[in-house]
Amino acid sequence: MRIENVADLIAETLQEAGVARIYGVVGDSLNGITEALRARGKIDWIHTRHEEAAAFAASAEAQVTGKLAVCAGSCGPGNLHLINGLYDAHRSRTPVLAIAAQIPSAEIGSGYFQETRPTALFRECSHYCELVSDPSQMPFVLENAIRAAVGEGGVAVIVIPGDVALRDAPKRALATRAGLIPAKPVVRPADAELDTLAAMLNAGKRVTLLCGRGCAGAHSELLQLAEALKSPIVHALGGKEFVAFDNPYDVGMTGLIGFSSGYAAMMACDTLLMLGTGFPYKQFYP
């Protein structure tokens with residue numbers, strides 16, 4: 001479909017990235033974007049009763065599918081309400097793109113009705129957060145946001161005034177999906193680090209494994225490791241769905257809502273190997 005304004009460019013780029021739906025609450029500062037979506041009919045607008053629910057819904061979709069999900073909020077309180085869901089997504093390393101509409105660009109800094117500073121607000125819960133103040137920034141800012149959310153695992157935010165979304169789009173070709181969605185890299189520790197870890201595990205008499213959401217996709221390898229070490233596996237809350245099923249070595253969860261069995265396995269070990277977790281509760285460490 002023909003790209004005439006910045007909102008069209010956003011819609012076409014999100015389509016290319018494989019986005020199927022956007023969660024949010026409509027508002028006048030989002031009119032250009034919602035109209036671009038309506039005209040194309042490719043991306044569903046999922047209306048929620050509150051923007052907080054929209055952000056949590058996007059986070060849930062991304063966690064279930066492993067793909068980029070999108071939410072949107074209008075200027076002022078509209079995008080302000082996204083904050084809880086975006087913090088949850090970012091701490092869970094879930095790829096979510098948030099579109100935060102802004103007041104008219106000419107009014108920024110004037111104390112205008114519903115004026116806030118979304119770039120400051122969302123900076124602490126995102127890998128990438130930028131204001132689009134001129135059409136010439138597009139599609140680069142949107143492309144960078146998508147790559148940051150997917151590549152780094154977490155939230156990216158683009159802030160765009162409603163009037164900028166309605167301005168003429170720059171004459172640039174869209175990025176391809178391969179260019180927008182980076183492939184998941186294969187990360188491997190250096191040989192010296194693996195040798196050091198192996199020596200520590202071989203020296204341990206009572207090794208316990210603490211596993212989190214970072215173990216997703218490695219269930220069989222995890223069981224092989226537990227079998228070789230004859231180690232109990234304790235799972236963190238985020239790792240439950242990836243670790244606990246069909247696992248004879250799993251002794252339960254630890255943490256504030258964990259079980260005594262998981263706590264005991266942690267406290268009885270002389271070597272604790274943490275895999276795919278940033279477990280924050282220091283009082284539960286041995």
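Contact here means heavy atoms within 4.5 Å. The model is predicted: local features need pLDDT of at least 70, side-chain atom pairs count only at pLDDT 80 or more, and totals for chains, interfaces and linings use all residues. Residues are numbered from 1 along each chain as its sequence is written, and side-chain values use heavy atoms, with hydrogens and water left out.

Among contacts in the protein chain between residues at least 6 apart in sequence, 69% join residues at least 24 apart. The chain has 13 helices and 10 strands. These are DSSP runs, numbered from the N terminus (helices: H or I, at least four residues; strands: E, at least two). Along the principal axes, the C-alpha atoms fill a box of roughly 65 × 35 × 30 Å. Of the 286 residues, 46% count as buried. Buried means under 20% relative accessible area, exposed over 50%, and partly exposed in between (1.4 Å probe, protein chains only). The chain exposes about 14300 Å², and carbon and sulfur atoms supply 54% of that area. Accessible areas come from the Shrake-Rupley method with a 1.4 Å probe; for residues, only the protein chains shown count as cover.

Helix α2 spans residues 31-40, and its buried residues are G32, I33, T34, A36, L37 and R40. Their cover includes α1, β1 (21-24), β2 (44-47), β4 (96-102) and β6 (155-161).

Helix α1 covers residues 6-16 and contains E12. E12 is buried, at a relative accessible area of 11%. Not counting residues up to four places away in sequence, E12 touches M1, I3, R40 and L174.

P135 sits in the loop between β5 (128-131) and α7 (140-152). P135 is also buried, with a relative accessible area of 11%. Neighbours within four places in sequence aside, P135 is in contact with V6, V164, R167, D168 and P170. From P135 to M1 the separation is 134 residues in sequence and 19 Å in space, C-alpha to C-alpha.

The structure holds zero disulfides. C71 is in no disulfide; its nearest cysteine sulfur, that of C125, is 10.0 Å away. A disulfide is a pair of cysteine sulfur atoms within 2.5 Å. C71 counts as buried because its relative accessibility is 0%. For C211, the closest cysteine sulfur is in C215, at 4.2 Å, too far for a bond. C211 is buried, with a relative accessible area of 0%.
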